[in-house]
Amino acid sequence: MAERRDGAAAPGTTTTRTNEDWQGREVDREEFHGVRFVDCDLSEITSTGAVFDECVFRNVRFNASTHTDTAFTNCTFAHSSFFDAALTRCKLLGSRFDGCSFDLVRVDGGNWGFVSLARADLASATFRGTRLREADLTGARCAGATLRDLDLSGALLERADLTGADLRGSDLSSLDPLTVTLQGAVIDLRQALVVAEALGLDVRAD
């Protein structure tokens with residue numbers, strides 16, 4: 001499927017699973033293609049090397065679930081909960097989140113390129129070392145979030161609220177300081193230079 005931005009249609013699905021309870025299940029290298037999950041409970045599942053491709057998750061609970069080296073490629077997540085979920089080295093390339101909750105979610109590494117997180121509330125989320133190249137974070141609410149060492153090149157950040165967010169080590173080359181809220185955000189010296197130059201300042205060492 002082509003890379004998607006906010007407003008793109010959900011992928012076509014071939015099968016539907018409704019009201020299934022997977023709580024505590026181990027999903028080891030299983031593959032799901034074009035599956036529509038509706039009102040399912042995937043809380044506390046552990047997935048390792050699993051593949052969910054062009055799937056739709058609607059009103060699905062991923063609470064306290066753990067995912068390692070799992071792929072959710074070109075998926076759509078609608079009104080789903082990721083409370084206290086952990087994703088390590090996962091691939092979410094081209095996926096879209098709409099009306100989801102991310103309280104205390106932890107993301108370590110992985111490829112989230114072209115993901116749509118427009119208007120998402122990521123205030124209590126932690127992302128470290130994740131590739132978010134050309135991701136859509138338009139209007140994302142990230143006040144107080146930990147967003148460390150991220151590849152945000154080409155990302156859409158207009159109207160994002162980064163108040164008090166820890167951005168150290170992240171690529172801010174796509175950030176326009178005039179279109180985001182940055183008050184109290186934590187950045188390093190290299191990033192300070194990038195932001196200053198984006199504001200048109202002439203930075204000199206002496």
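A nonpolar core is a set of buried Ala, Val, Leu, Ile, Met, Phe, Trp, Tyr and Cys residues joined through side-chain atoms within 4.5 Å, where buried means under 20% relative accessible area, exposed over 50% and partly exposed in between (1.4 Å probe, protein chains only). The model shown is predicted: local features need pLDDT of at least 70, side-chain atom pairs count only at pLDDT 80 or more, and totals for chains, interfaces and linings use all residues. Residues are numbered from 1 along each chain as its sequence is written, and side-chain values use heavy atoms, with hydrogens and water left out.

**Figure 1. The protein chain as a whole.** Along the principal axes, the C-alpha atoms fill a box of roughly 65 × 30 × 25 Å. Of the 206 residues, 46% count as buried. Among contacts (heavy atoms within 4.5 Å) with a separation of 6 or more, 8% come from residues 24 or more positions apart.

Figure 2. Leaving out residues up to four places away in sequence, Phe37 touches Arg17, Trp22, Phe32, Phe52, Cys55, Val56, Phe57, Arg58 and Val60. In soluble globular proteins, nonpolar side chains tend to be buried together.

**Figure 3. The aromatic pair of Trp22 and Phe32.** The whole structure holds 22 aromatic pairs. The rings of Trp22 and Phe32 form a tilted pair, 5.6 Å centre to centre with 40 degrees between the planes. Rings of Phe, Tyr and Trp (its six-membered ring) pair if their centres lie within 6.5 Å; planes under 30 degrees apart count as stacked, over 60 as edge-to-face and the rest as tilted. Trp22 lies in the loop between β1 (15-18) and β2 (26-28), and Phe32, 10 residues apart from it, in strand β3 (residues 31-33). Trp22 is buried at 4% relative accessibility, and Phe32 is buried at 6%. Arg25 lies over the face of Trp22, 4.0 Å from the ring centre; the criterion is NZ of Lys or CZ of Arg within 6 Å of the ring centre and within 35 degrees of the ring normal.

**Figure 4. Polar contacts of Ser47.** Ser47 is in strand β5 (residues 46-48) and is buried, with a relative accessible area of 0%. The Ser47 side chain makes polar contacts with the side chains of His67 at 2.7 Å and Thr70 at 2.8 Å. A polar contact is a pair of N or O atoms within 3.5 Å; within protein, one must be able to donate a hydrogen and the other to accept it, and residues adjacent in sequence count only if both atoms are side-chain atoms. Beyond its neighbours within four places in sequence, Ser47 is in contact with Val27, Thr66, His67, Thr68 and Thr70.

Figure 5. Most residues other than glycine have a negative phi. His79 has a positive phi near 50 degrees; His79 is in the loop between β10 (76-78) and β11 (86-88) and is partly exposed at 46%. Arg89, not a glycine either, has a positive phi of about 55 degrees. Arg89 is in the loop between β11 and β12 (96-98) and counts as partly exposed at 48% relative accessibility.

How values were computed: Helices (H or I, at least four residues) and strands (E, at least two) are DSSP runs, numbered from the N terminus.
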